[in-house]
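Okay, thanks for coming, everyone. Let me put the structure up, and then I'll walk you through a few spots.

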Amino acid sequence: HELRYDPFDPEVIADPYATYRELRDRAPLYWSPAAGCWVLSRYHDVAAVLTDPITYSSASGIFPTPADVDMTAILLPMLVMSDPPRHTQLRQIVSRAFTPRRIAALETTIEGIAADLLFQVPLEDDWDFVSAFSGPLPAIVIADLLGVPREDRDRFRAWSTTFVQSNPSRGQLGVEVATALYDYFASFLAERRAYPEDDLMTALVQAEVEGQYLSEEELLGFCLLLLVAGHETTTNLLSNGVVLLAAHPESRERLADDPGLVPGAVEELLRYDSPVQGLSRTVTRPVELHGQWMRPGDTVLLLFGAANRDERVFADAEVFDIDRRPEHIAFGRGIHFCLGAALARLETRIALQTLLGDRSFRWEADLAGAERLSSGPVRGFASLPVR
Ligand code: HEM
């Protein structure tokens, strides 16, 4: 049969993995008429593109969008959509603020947040994992990291949820809520300039490289990027994780018995059901790959979700195995490698250890009653009933 891949097709979104295998085997460089872009699905091809940002630019956008959506109307956050040399500079500045020490210091805070959320859940009943646990957890953590005061938490969480759920690939831009967040962050920044605190916002205001500070616009853009990049991704890793562990009760038992195995399991969750299934780049010079030519201006979609199931790299790639310790590509690679990877790993480890900590708590996930997210590059759930 004819091979067809449309990243926006609901059937593909429900289960993309069989199509991914066909792409890897039959069309490693595939032209998708539906998406209007090239598609790469093998691990080594995806890695090669990620580590050549000169040939494959991020500056024109990294989200695959249907042809009828005007990308220029969409707010382009800084950093992730910049190329060297500007990217190198920005990344240096924000890395000053986003330090391993600052992330590690969040451990007890995150433990408290996870325990609080689980405490509020009616464990004897059906409950929605997304609205009660995997949704709020990363939003509260980012709010805490930025230094959002406790009394603003609920307001912040509501904005954040609306903002990340507005879907650019369907032309919904969340402009109103973005404006509310901008205004909020702007007054917050002014306050931190006047009265510095020990939080990320203050560190960002003060961070400089070679006499260069972030501009007001860049600071606001970065706060928004943290939300976009750090909220829903982590939510989905957690949701996908509880579904997978419910389907693999023997692995779940081992994790409950030995919490030291959880960090390894988190890596396998990232590989097996990657929250970010794909991002794109724009080709800057003619390139030949697998016997075809890509031209300058062409878009190429990198399928992390397919690369992470590539049997050329992972033995028995379709098998979920918490002992695997995979070198997955779920956080990207090269200069744009996920700035929040350590935080995402920490949040997910603590969340799973908290869920598994109560020896009597073993959940079932109701997949028939669940609602999948329909945005192309993000894999996860809008709602997920568990019991
Ligand atoms: C970049 C995935 C959590 C902040 C990236 C990229 C991926 C990714 C694939 C590379 C983008 C590219 O190459 O174009 C994920 C996943 C997460 C996660 C799967 C959770 C499971 C977070 C968190 C934060 C964060 C918690 C911060 C609070 C960022 C930032 C970038 C980034 C700022 C841009 C880095 C740059 O362009 O230099 N992430 N991310 N991410 N991520 Fe994450």
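So, to start: how far from an oxygen atom of the ligand does a polar side-chain atom of Arg-91 lie? The distance is 2.7 Å. Before I go on, some housekeeping: this is a predicted model, where local features need pLDDT of at least 70 and side-chain atom pairs count only at pLDDT 80 or more, while totals for chains, interfaces and linings use all residues. Residues are numbered from 1 along each chain as its sequence is written, and side-chain values use heavy atoms, with hydrogens and water left out.

Back to the ligand. His-336 also has an N or O atom in its side chain 2.6 Å from a ligand oxygen, and a polar backbone atom of Ala-229 sits 3.4 Å from a ligand nitrogen. For polar contacts, the cut-off is a pair of N or O atoms within 3.5 Å; within protein, one must be able to donate a hydrogen and the other to accept it, and residues adjacent in sequence count only if both atoms are side-chain atoms.

Now the iron. Which protein residue gives the ligand's iron atom its single donor? That's Cys-338, through SG, 2.3 Å away. Donors here are N, O and S atoms within 2.8 Å of the metal (3.2 Å for Na, K and Ca), and water is not among the atoms, so sites may look incomplete. Cys-338 sits in the loop between helix 16 (304-307) and helix 17 (341-357). By the way, helices (H or I, at least four residues) and strands (E, at least two) are DSSP runs, numbered from the N terminus.

Zooming out, there are 27 residues around the ligand, and His-87, Arg-91, Arg-281, His-336 and Cys-338 come nearest; to be near, a residue needs a heavy atom within 4 Å. Helix 12 (216-230) is among the elements that supply at least two residues of that shell, and it gives the most, with four. By class, we get 18 nonpolar, seven polar and two charged residues. Nonpolar is Ala, Val, Leu, Ile, Met, Phe, Trp, Tyr, Cys and Pro, charged is Asp, Glu, Lys and Arg, and the others, Gly among them, are polar.

Buried means under 20% relative accessible area, exposed is over 50%, and partly exposed is in between (1.4 Å probe, protein chains only). The cover over helix 3's buried residues includes strand 2 (37-40), strand 7 (278-283) and helix 16, counting heavy atoms within 4.5 Å as contact. Helix 8 (136-146) is mostly covered too, with 10 of its 11 residues buried.

Last stop, aromatics: the structure has 11 aromatic pairs. Rings of Phe, Tyr and Trp (its six-membered ring) pair if their centres lie within 6.5 Å, and planes under 30 degrees apart are stacked, over 60 edge-to-face, the rest tilted. Trp-127 and Phe-129 make a tilted pair, 5.9 Å centre to centre with 50° between the planes, and both residues are buried. Tyr-184 and Phe-185 have ring centres 6.1 Å apart and planes at 55°, so they're tilted as well. Phe-185 is buried at 1% relative accessible area. Together with Phe-156 and Phe-188, Tyr-184 and Phe-185 form one aromatic cluster.
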